[in-house]
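Welcome! Take a moment to look over the chain below, and then we will walk through it together.

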Amino acid sequence: MNCIVCRHGETRTGTTTVTFHRDGQTVVINEVPAEVCENCGESYVADEVTTRLLAIAAEAHEAQAQVLIRDFLPAA
């Protein structure tokens with residue numbers, strides 16, 4: 001697909017890093033599957049991946065983790 005940010009690049013299957021900040025907490029999730037623009041690096045994450053990312057962030061918030069860094073693992 002064409003990148004909607006730069007309008008010049010095509011996206012390719014790859015990975016990205018997603019960071020959440022909430023109430024003084026930081027959650028960093030590496031190796032998130034995404035479509036990544038070859039020109040500007042903008043990442044697009046699928047709906048089902050977004051749902052899992054939000055669940056990870058919510059679990060970290062409930063556990064009151066100040067900082068959580070982890071890889072995105074496939075669903076079991």
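## A glutamine to start with

Is glutamine 25 buried or exposed? Glutamine 25 is buried, with a relative accessible area of 10%; buried means under 20% relative accessible area, exposed over 50%, and partly exposed in between (1.4 Å probe, protein chains only). Before going on, please note that this is a predicted model, where local features need pLDDT of at least 70, side-chain atom pairs count only at pLDDT 80 or more, and totals for chains, interfaces and linings use all residues. Residues are numbered from 1 along each chain as its sequence is written, and side-chain values use heavy atoms, with hydrogens and water left out.

Glutamine 25 sits in strand β2. Helices (H or I, at least four residues) and strands (E, at least two) are DSSP runs, numbered from the N terminus. Leaving out residues up to four places away in sequence, glutamine 25 touches Phe20, Ala60, His61, Gln64, Ala65 and Gln66, where a contact means heavy atoms within 4.5 Å. The side chain of glutamine 25 also reaches the backbone oxygen of alanine 65 at 2.7 Å.

Now turn to α1. Val49, Leu53, Ile56, Ala57 and Ala60 are buried in this helix. Seen down the axis of α1, the buried residues fall within an arc of 95°, so they line one face of the helix; the arc is that of the directions from the helix axis to the C-beta atoms. These buried residues pack against β1, β2 and β4 (67-71). On the other side of α1, Asp47, Glu48, Thr51, Glu59 and Glu62 are exposed.

## The nonpolar core

The largest nonpolar core has 9 residues: Val18, Val27, Ile29, Val32, Val49, Leu53, Ile56, Ala60 and Phe72. Such a core is a set of buried Ala, Val, Leu, Ile, Met, Phe, Trp, Tyr and Cys residues joined through side-chain atoms within 4.5 Å. Two or more residues come from each of β2 (25-37) and α1 (47-62), and α1 gives the largest share, 4 residues.

## Salt bridges

How many salt bridges are there? The count comes to 2, taking a salt bridge as a side-chain nitrogen of Lys or Arg within 4 Å of a carboxyl oxygen of Asp or Glu. One of them joins arginine 12 and glutamate 38, with the closest N and O atoms 3.3 Å apart. Arginine 12 lies in strand β1 (residues 11-22) and glutamate 38 in the loop between β2 and β3 (43-44), so this pair ties together parts that are 26 residues apart in sequence.

How values were computed
Polar contact = N/O pair within 3.5 Å; in protein donor to acceptor, adjacent residues only side chain to side chain.
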